[in-house]
Amino acid sequence: MFKGQTVSVILLAAGASARMGENKILFRFCGKTPIELCIDAFSEFADEIIIACSESTKFAAEQAALCIDVTSYVTAGGATRQLSVANALSYAHMDIVSIHDCARCLVTPDVIRRSLDAAVEHGCGITSIPVSDTIRYKRSGETVDRAALIAAQTPQSFNREMFLDAHRNASKDYTDDAALFLDAGYTLHYSLGDKSNIKLTTPDDIAVFNAILSVRRGVNA
């Protein structure tokens, strides 16, 4: 329960991990899988947790679900992100739906809280951070006004009825929940993410993730 609203958490763990070379959802950081770390972060907010997994991550998802104190479901992911979300959404019964990539397993409760707060107040909370790097068009070399840009993260949280309506009226396959919501005619509201809420993508990220978690837990990296 969050500010009088019940919360369904959808954790996405069905990706192919193509750039990693092996399934990143099966890694362990400070002894926990990305699914377990995400469950820890969402535990104080969730009234139910739905994990969308692949065949290779099903066992890890089922093991993680055994440790959840609230109602939990493990369901098959789809061929695309949108299909994975749709499969999980069929199990969601609460007022707010918060969707999160398990590859962003460094997410903190503060980031989650801000996303949920925006969803309660405005209908959606799209976690994002300002762009700090200089961005150029490759061909022309012209710089982009970074003041007009944000970098999207997850969680992305929505009023469930509004999000269901957006899914029912989806005209194509979307790689981002916010884009689907926007194209359905709804207004996007952004919540502040965190620079440490990075996505586990390549082998170079593994040492970074271990170091960040070790510092958070007061353990020597």
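Cys30 counts as partly exposed, because its relative accessibility is 33%. The classes are set as follows: buried means under 20% relative accessible area, exposed over 50%, and partly exposed in between, with a 1.4 Å probe and protein chains only. Cys30 sits in the loop between S1 and helix H1 (34-42). Its phi is positive, about 50°, although Cys30 is not a glycine. Most residues other than glycine have a negative phi, and most peptide bonds are trans.

The model is predicted: local features need pLDDT of at least 70, side-chain atom pairs count only at pLDDT 80 or more, and totals for chains, interfaces and linings use all residues. Residues are numbered from 1 along each chain as its sequence is written, and side-chain values use heavy atoms, with hydrogens and water left out.

Lys3 also has a positive phi, near 50°, and is a residue other than glycine. Lys3 lies in the segment before strand S1 (7-13). With a relative accessibility of 57%, Lys3 counts as exposed.

Another backbone feature is the peptide bond between Thr154 and Pro155. That bond is cis, with omega at about 15°. Pro155 belongs to strand S6 (residues 150-159).

Now take the whole fold. The protein has seven helices and seven strands. Helices (H or I, at least four residues) and strands (E, at least two) are DSSP runs, numbered from the N terminus. Along the sequence the order is β-α-β-α-β-α-β-α-β-β-α-α-β-α. The radius of gyration is 17 Å, close to the 17 Å that the globule rule gives for 221 residues, so the protein is as compact as a globular protein of that length. The radius is taken over C-alpha atoms, and the globule rule is 2.2 Å times the number of residues to the power 0.38. The C-alpha trace spans about 50 × 45 × 35 Å along its principal axes.

How much of the protein is buried? Of the 221 residues, 46% count as buried. The protein exposes about 10900 Å², and carbon and sulfur atoms supply 50% of that area. Accessible areas come from the Shrake-Rupley method with a 1.4 Å probe; for residues, only the protein chains shown count as cover. Contacts reach along the chain as well. Among contacts between residues at least 6 apart in sequence, 72% join residues at least 24 apart. Contact means heavy atoms within 4.5 Å.

Charges come next. The mean positions of the 21 positive and 26 negative charges are 6 Å apart. Lys and Arg count as positive and Asp and Glu as negative, while His and the chain ends are not counted. Each charge is placed at NZ of Lys, CZ of Arg, CG of Asp or CD of Glu.

Strand S1 is mostly covered, with seven of its seven residues buried. On one side are Val7, Val9, Leu11 and Ala13; on the other are Ser8, Ile10 and Leu12. Both faces are covered. S1 pairs with strand S2 (residues 48-53) in the parallel sense, over six bridges. Two strands pair if DSSP finds at least two bridges between them. In this pairing, Leu12 stands opposite Ala52 in S2.

S1 also pairs with S4, again in the parallel sense and over six bridges. Val7 stands opposite Ile96 in S4, and Leu11 has His100 as its bridge partner there.

Why is S4 (residues 96-101) described as largely enclosed by the rest of the structure? Six of its six residues are buried, so the strand is largely enclosed. Ile96, Ser98 and His100 point one way from S4, and Val97, Ile99 and Asp101 point the other way. S4 and S6 run antiparallel and are joined by four bridges. There, Ile99 stands opposite Gln156 in S6.

The last stop is the loop between strand S5 (124-130) and S6, where Glu142 is found. Leaving aside neighbours within four places in sequence, Glu142 is in contact with Ile135, Arg136 and Tyr137. Glu142 and Gly193 are 51 residues apart along the chain, and their C-alpha atoms are separated by 28 Å. Arg139 is also found in the loop between S5 and S6. Arg139 counts as exposed, because its relative accessibility is 85%. From Arg139 to Asp173 is 34 residues in sequence and 28 Å in space, C-alpha to C-alpha.
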